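Colleague: Hi! Could you walk me through the side-chain contacts in this one?
Modeller: Happy to, let's look together.

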Amino acid sequence: MDWKKFLDFLGAMERLKCAHRHCTNSQGGPESVADHSWRLAAMALLLAPEFPGLDMDRVIRMCLVHDLGEAVTGDIPTFLKTARDEETESRAVEELLAALPGGSRRELEGLFREMDALETPEARLYKALDKLEGVIQHNEAPISTWEPLEYDLQRDYAWMEAGWFPQTQALREAVLRQTEEKIAGGKSHGNPKAL
């Protein structure tokens with residue numbers, strides 16, 4: 001192991017702790033890309049018994065690294081992200097991975113190819129959970145932080161991806177119920193102090 005390259009790569013990953021996402025956390029503070037990736041991986045871990053035929057270790061790995069390019073580009077909200085932004089993020093991932101030793105680089109390059117293709121059940125589950133985590137986080141954020149377009153986005157986002165599996169479809173339906181309750185009553189799900 002080239003420890004300098006390892007530490008340099010960790011340094012790049014550390015920037016994910018500093019890169020704020022559009023959404024806020026339940027306390028109204030900024031959510032980081034690392035916060036999102038951590039909880040996304042935790043979701044995959046907790047849902048593993050629901051998907052006995054899938055390689056959930058692979059899904060968790062995808063969840064942990066999927067936003068690596070945002071260490072360079074920062075987060076761009078889904079409703080603002082363009083094809084050009086996605087190309088820039090892909091190039092950033094390639095550059096970051098190029099610094100890794102062969103085995104690690106090849107493994108992560110393979111994960112990114114698989115995630116981009118969305119042809120395997122593991123890649124599809126990662127993508128469904130990624131989108132669902134964002135909707136769940138918005139439900140947990142104070143409604144005062146929502147932009148006007150997010151009321152409809154909360155209702156419409158991630159249905160296609162959630163439809164790939166009955167389990168994620170059921171989760172999406174539960175999340176929609178929370179969204180409707182939040183909009184109707186201003187409840188802040190996930191914040192015990194607000195309940």
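Colleague: How far apart are Trp 3 and Phe 6 in helix 1?
Modeller: They sit three residues apart in helix 1, which covers residues 3–18, so about one helical turn separates them. Keep in mind as we go that this is a predicted model.

Colleague: Thanks. How are the rings of Trp 3 and Phe 6 arranged?
Modeller: A pair of aromatic rings is described by the distance of the centres and the angle of the planes. For Trp 3 and Phe 6 the centres are 5.6 Å apart and the planes stand at 85 degrees, so this is an edge-to-face pair.

Colleague: Is Trp 3 buried or exposed?
Modeller: Trp 3 counts as exposed, with 56% relative accessibility. Phe 6 has 31% and counts as partly exposed.

Colleague: How many aromatic pairs does a search of the whole structure find?
Modeller: Three. Another one of them is Phe 51 with Phe 165, whose ring centres are 5.4 Å apart. Their planes are at 90 degrees, so that pair is edge-to-face too.

Colleague: Where in the chain are Phe 51 and Phe 165?
Modeller: In distant parts of it, 114 residues apart. Phe 51 is in the loop between helix 2 (33–47) and helix 3 (56–65), while Phe 165 is in the loop between helix 9 (159–162) and helix 10 (166–185).

Colleague: And is Phe 51 buried or exposed?
Modeller: Phe 51 is buried, at 4% relative accessibility. Phe 165 is also buried, at 11%.

Colleague: What lies over the face of Trp 164?
Modeller: That's Arg 124, at 4.7 Å from the ring centre.

Colleague: Switching to charges: how many salt bridges are there?
Modeller: The count comes to 15. As background, side chains of opposite charge can pair when their charged atoms come close.

Colleague: Let's go back to helix 1. Which residue does Asp 8 form a salt bridge with?
Modeller: Asp 8 pairs with Lys 4, and their closest N and O atoms are 2.8 Å apart. Both residues lie in helix 1, four residues apart, which is about one turn of the helix.

Colleague: Is Lys 4 buried or exposed?
Modeller: Lys 4 is exposed, with a relative accessible area of 56%. Asp 8 is partly exposed, at 45%.

Colleague: What about Arg 21, which residue does it form a salt bridge with?
Modeller: One partner is Asp 67, with the closest N and O atoms 4.0 Å apart. Arg 21 lies in strand 1 (residues 20–24) and Asp 67 in the loop between helix 3 and helix 4 (70–73), so the bridge ties together parts that are 46 residues apart in sequence.

Colleague: You said "one partner". Which other residue meets Arg 21 in a salt bridge?
Modeller: Asp 75 does, with an N to O distance of 4.0 Å. Asp 75 lies in the loop between helix 4 and helix 5 (83–98) and Arg 21 in strand 1, so this pair ties together parts 54 residues apart in sequence.

Colleague: Which residues join into one network there?
Modeller: Arg 21, Glu 31, Asp 67 and Asp 75 do, through salt bridges that share partners.

Colleague: Is Arg 21 buried or exposed?
Modeller: Arg 21 is buried, with a relative accessible area of 19%, given that buried means under 20%. Asp 75 is buried at 18%, and Asp 67 is buried at 8%.

Colleague: New topic. Where is Asp 130 found?
Modeller: In helix 7, residues 121–140. Asp 130 is buried yet has no salt bridge.

Colleague: Which side chain of opposite charge is nearest to Asp 130?
Modeller: Lys 127, which is 4.3 Å away. A salt bridge needs the side-chain nitrogen within 4 Å of a carboxyl oxygen.

Colleague: Then what does Asp 130 touch?
Modeller: Leaving out residues up to four places away in sequence, Asp 130 touches His 36, Leu 40 and His 66. Its side chain has a polar contact of 2.7 Å with the side chain of His 36, and another of 3.2 Å with the side chain of His 66.

Colleague: Last one: is Glu 161 buried or exposed?
Modeller: Glu 161 is buried, at 11% relative accessibility, and is found in helix 9. Not counting residues up to four places away in sequence, Glu 161 touches Lys 127, Ala 128, Lys 131 and Thr 168.

Notes: Residues are numbered from 1 along each chain as its sequence is written. This is a predicted model: local features need pLDDT of at least 70, side-chain atom pairs count only at pLDDT 80 or more; totals for chains, interfaces and linings use all residues. Side-chain values use heavy atoms; hydrogens and water are left out. Rings of Phe, Tyr and Trp (its six-membered ring) pair if their centres lie within 6.5 Å; planes under 30 degrees apart count as stacked, over 60 as edge-to-face and the rest as tilted. Helices (H or I, at least four residues) and strands (E, at least two) are DSSP runs, numbered from the N terminus. Buried means under 20% relative accessible area, exposed over 50%, partly exposed in between (1.4 Å probe, protein chains only). A charge sits over a ring if NZ of Lys or CZ of Arg is within 6 Å of the ring centre and within 35 degrees of the ring normal. Lys and Arg count as positive and Asp and Glu as negative; His and the chain ends are not counted. A polar contact is a pair of N or O atoms within 3.5 Å; within protein, one must be able to donate a hydrogen and the other to accept it, and residues adjacent in sequence count only if both atoms are side-chain atoms. Contact means heavy atoms within 4.5 Å.
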